[in-house]
Amino acid sequence: MGNRFQVKDRFADGAQYIDGRLTSGTSGRSHTVIDPATGDEVLTYELASTADVDEAVAAAKRAFPGWSGATPGERSDALHRLAAVLAEQAEDFAYAESLQCGKPIKLSTEFDVPGTIDNTAFFAGAARHLQGQAAAEYSGDHTSYVRREAIGVVGSIAPWNYPLQMAAWKILPAIAAGNTIVLKPAELTPLTSLMFAQAAKDAGLPDGVINIVTGAGREAGEHLVGHPDVVMTSFTGSTAVGKRVAEIATATVKRLHLELGGKAPFLVFDDADLEAAAHGAVAASLINTGQDCTAATRAYVQRPLHDAFVARVAELMETVRLGDPFAATTDLGPLVSHAQRDRVAGFVERARAYATVVCGGEVPGGELAEGAYFRPTLIAGAAQDSEVVQSEIFGPVLVVLPFDTDDEGIALANDTPYGLAASAWSRDLYRANRATREIKAGCVWINDHIPIISEMPHGGYKASGFGKDMSAYSFEEYTQVKHVMFDNTAVAEKDWHRTIFGDRT
């Protein structure tokens, strides 16, 4: 990894980034970032207080007139410079992301960091495309057109599973549209969010456009969501916390974007390529150690292929290499924390009473025992209404269930409260096309599962929330639509006035 920066030196001034500088939190409470691969301390910092949130919002509010008044081209140029700075610092970002999350360095290097750079470049282009309906004389007597305007200060909350990418997904569309933002990252994983804000300053973005407050959800997070000067809230996290965010946001009539939990189905029809489906299932269920809201968690396999699928997936899972996240050969790192590992282990242990753990299902010993590791796990024989099928585990666990008819398979795929992502595997165009129509999810892949691209939207149905990340659809959510209407007649006494007062002559 070359010359790794010293985290404690990098953040010696604190883990808050307000009005263009790092500062320390004032809550009087500290938090320690832990390397989940070793259990070692990475950084201890002071958490943000409500006063720190107020300061960050005030900085964003001060910066808003100048930033929103910049031309689209000026904002675009700034984001292009940011993309260049991120590319220059890519190694540091990958190192910090793996250190705080336990991600294998090959995932940080090949997915998280380049994906963030690509997102930045995409929104640099999108900044120039604030489009509305064409100007026209829809009433006959007036010319109408649509303006898209920045809405103000955005207060966003990002999760711990993809700290860098989620920070970018929140920040980029907001600032590309001319808004300013206060972001609260997860306390477990604040490093790359803070680095992103510093990179923006290096790229010449004005102070106050991007602010980071790192504090507890019940204090800093709830205060940010309910702040009277925050006009929009974007939250990514669990459905349970999302409901609380919605309660606070709607009390002050804020615009709201929620990307919540998932329980993605992986639907394998009996004409599918078995080898492709098995490889896809292992990759899609184990990405980021399964800590991905779009990860494959429920594989429904048509009965003629079921047993062969279970056997092949188990065989492939046994080849997955657990180890040091910074080793080039490591496939699977630890979960983000020991608490999260124990939560996942609890799901698996309870499942032993009603299902079969085909492989994995245990904490490794030896040199990995000090980390938050858990072996890739395959479960078969669970009932559709069981906990491991219905609840979000958020770990390296895949559950396989059989189905008989196509109708049954699609019905089972839809049979959870969630609807974020899904995939269907078939060589039959009509079968696959039916699955894309009838599966209720924000993204449906055919013969693949997980790839995302900046140009296409990411967001869910049902309890997975509403609103979109990435793409022009995301960009639109961070703008206010204004109808402007010009009278073209220059007539003082208009005919329609007579419907209000006076008589027609």
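Two strands count as paired once DSSP finds at least two bridges between them. The model discussed here is predicted.

Q: How do you know that strand E11 pairs with E17?
A: The cut-off is at least two bridges. E11 (residues 264-268) and E17 are joined by 3 bridges, so they pair. The two strands run parallel. Phe-266 stands opposite Ser-423 in E17.

Q: What makes E17 and E18 a pair?
A: Again the cut-off is at least two bridges. Here 4 bridges link E17 to E18 (residues 443-446), so these strands pair as well. They also run parallel. Ala-422 stands opposite Val-444 in E18.

Q: Which helix makes a β-α-β unit with E17 and E18, and what is its hand?
A: Helix H15 (residues 429-438) does, and the unit is right-handed. The word describes the path from the first strand over the helix to the second: with the strands pointing away from the viewer, that path runs clockwise.

Q: Why is strand E17 called mostly covered?
A: Buried means under 20% relative accessible area. In E17 (residues 421-425), 5 of 5 residues are buried, so each falls under that cut-off. Ala-421, Ser-423 and Trp-425 point one way, Ala-422 and Ala-424 the other, and all are buried.

Q: Why is His-306 called buried?
A: The relative accessible area of His-306 is 12%; the cut-off is under 20%, so His-306 is buried. It sits in helix H11 (residues 303-317). Beyond its neighbours within four places in sequence, it contacts Val-301, Val-400, Leu-401 and Pro-402.

Q: How do you know that Lys-468 has a polar contact with Gly-459?
A: A polar contact needs a pair of N or O atoms within 3.5 Å. A polar atom of the Lys-468 side chain lies 3.3 Å from the backbone oxygen of Gly-459, so the pair falls within the distance limit. Lys-468 lies in the loop between strand E20 (465-466) and helix H16 (471-477). The residues it touches include His-257, Gly-442, Tyr-473 and Glu-477. Its C-alpha atom is separated by 8.4 Å from that of Leu-258, 210 residues away along the chain.

Q: What makes the phi of Asn-447 worth a remark?
A: Most residues other than glycine have a negative phi. Asn-447 is not a glycine, yet its phi is positive, about 60°. Ile-450 is not a glycine either, and its positive phi is about 120°. Asn-447 is in the loop between E18 and strand E19 (461-462). Ile-450 is found in the loop between E18 and E19.

Note on methods: Residues numbered from 1 in each chain as written. Predicted model: local features only at pLDDT ≥ 70, side-chain atom pairs only at ≥ 80, totals over all residues. Heavy atoms only, no water. Buried < 20%, exposed > 50% of the residue type's maximum accessible area, 1.4 Å probe, protein only. Contact = heavy atoms within 4.5 Å. Polar contact = N/O pair within 3.5 Å; in protein donor to acceptor, adjacent residues only side chain to side chain.
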